[in-house]
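Reader: Please show me the model. After that I will ask about its helices, then about its backbone angles.

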Amino acid sequence: MDFAHSFALVLPELVVTGAGLLLLLVAAWGGDKIARLIAIAAAAALFTAGLLLVPGLHTGTDGPDVLAFGGLLKIDTFALFAKALIYLAAIAALMIAPAFFAGPSAGSERGMRAEYPVLILFAAVGMGLMVSANDFMSLYLGLELNSLSAYVLAAILRRETRSGEAGLKYFVLGALASGILLYGISLLYGFTGGTSFSAVRAGLTGEMGTGALFGVIFVLSGLAFKISAVPFHMWTPDVYEGAPTPVTAFFATAPKVAAVALTARVVFEVFGGQVAAWQQIVMFMALASIIFGALGAIGQDNLKRLLAYSSINNIGFILLGLAVANAAGASAMLVYLFIYVTMSIGCFVALLMLRDDEGRLYETFADIRGLSVTKPAVAWALLIFMFSLAGIPPLLGFFAKFVIFQATIEAGLVVFGAIAIAASVVGAFYYIKFVKVMFFDEPAGIVTGKSGPAHWVLLALTGLIISPLGYFLTPSLTDLADKAASSLFLAV
């Protein structure tokens, strides 16, 4: 085993891990009063790690040289693409946090806690291991490192009932999902004789036995919880609503990328020889998530809870690309994932700008009545993001759905594509409700506070990407997604 080569491959993780350990000591020594400095240092570490990914993304990294530590990790183009999205989302979560924790919405715990950026860093390390996993042991190690950090993040406002409830629900249901995943892994190990992805794939060659099939089902069920796909979505609305808004923004982006990328790697590289065994499961979860996400959001009044159902709906479209079971579907899935992360960051930044003069946040439809009068820039930004999430042209969200539908139809899954299109039309109802409330209702006049420069920068940047100008990025994005997707099929 060439340790020098392995450490070179995981250099981004080493940077983030080293920064996390160092900043943990700094946080213990300096306390919450230097939390902003720790957040800046954490963002710098993530940015540095992201820069280390650029050469591999530009040239593409595949073949035997991408294996690290005896095949436990696989640092291919697919992993690099997912890590880049994870690091960008984590930086955004760090940028938007200070203003929230300094305001009344943080309750009795005013001021950002020093451990918040440290937990983000450790979660990012776990997610990096998840997307690079080439063995079920490294898969579980990365997943639990991310999950343990996420449980604490959800309940970081310890004296706030909603935050504590969100953290407890996430922990209990997450532990259940981890148990299901471990049981599936143990079944696969028992019936194939190995834990590495290549060994399990080889053991599943030919006719699959009932025990191995149950292993596949349990593994997919455990992963479905992490991406909040129906029927394992039950935690999402409550956790999104109860967790602090910057944490909710983080949950809606970076962990979603990691979980989707991990699921894609498992189904293509481990279960790729048994497409019939998993395709119908993924297809059911995709259509159920699209339909339930569209219908479940209709009656919601809390904006964060509505975005939770929107997340379930969008995960359905991402899984639809996965269910196509070819490189075109995987590429479409990655394109959709990038655009979804951009839209989600923009939406949550806009929600954080719904504040009064004292910094108190608002998050219901009643609070944004007539927002176009009191805060026209925020209202128009929300309009753009909502229309993009609905897939209305010429915004970039339309392109995301288009590439998914194109891959689905080209694979001959016309009926499933038609059902998804119909559900997408239904889902447009609650997105358009934003426009009706903000532009046609009498102004509530309570959203009058000013927002910081970090919020405006992120809002402008995500808005530009989602606008028609974002189509200039699509050739490069599609090329990167094609390279990343093709690396999943090299061993097939």
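**Helices and backbone**

Reader: Is the crossing of H15 and H18 left-handed or right-handed?

Author: This is a predicted model, in which local features need pLDDT of at least 70, and residues are numbered from 1 along each chain as its sequence is written. A crossing is left-handed if the near helix is turned anticlockwise from the far one by less than a right angle, and right-handed if clockwise. For H15 and H18 the crossing is left-handed.

Reader: How far apart are the axes of H15 and H18?

Author: Axes are lines fitted to C-alpha atoms, for helices over the stretch in contact, and angles run from 0 to 180 degrees between N-to-C directions. H15 covers residues 327-352, while H18 covers 396-410. The two helices pack at an angle of about 160°, and their axes are apart by 9 Å.

Reader: What about H4 and H12, and at what angle do their axes cross?

Author: H4 spans residues 77-101 and H12 spans residues 254-270. The crossing of H4 and H12 is left-handed, and the two helices are roughly antiparallel to each other. Their axes come within 8 Å, and the crossing angle is roughly 165°.

Reader: Which residue just after H7 takes a positive phi?

Author: H7 runs over residues 161-192. Just after H7, phi is positive, at about 85°. The residue with this angle is Gly193.

Reader: Where is Phe69 found?

Author: Most residues other than glycine have a negative phi. Phe69 is not a glycine, yet its phi is positive, about 55°. As for its place, strand S1 covers 67-68, strand S2 covers 73-74, and Phe69 is found in the loop between S1 and S2.

Reader: What is phi of Ser228 near?

Author: Ser228 has its place in the loop between H9 and H10, where H9 is 210-226 and H10 is 236-242. Ser228 is a residue other than glycine, and its phi has a positive value, near 55°.

Reader: What value is omega near for the peptide bond from Val230 to Pro231?

Author: Pro231 also has its place in the loop between H9 and H10. Its peptide bond from Val230 is cis. For that bond, omega is near 10°.

Reader: Which loop holds Pro394?

Author: The peptide bond from Pro393 to Pro394 is cis, with omega near 5°. H17 covers 376-390. Pro394 is found in the loop between H17 and H18.

Conventions:
This is a predicted model: local features need pLDDT of at least 70, side-chain atom pairs count only at pLDDT 80 or more; totals for chains, interfaces and linings use all residues. Side-chain values use heavy atoms; hydrogens and water are left out. Helices (H or I, at least four residues) and strands (E, at least two) are DSSP runs, numbered from the N terminus. The expected span of a helix is 1.5 Å times one less than its number of residues. Angles under 35 degrees count as roughly parallel, over 145 as roughly antiparallel, 65 to 115 as roughly perpendicular and the rest as oblique.
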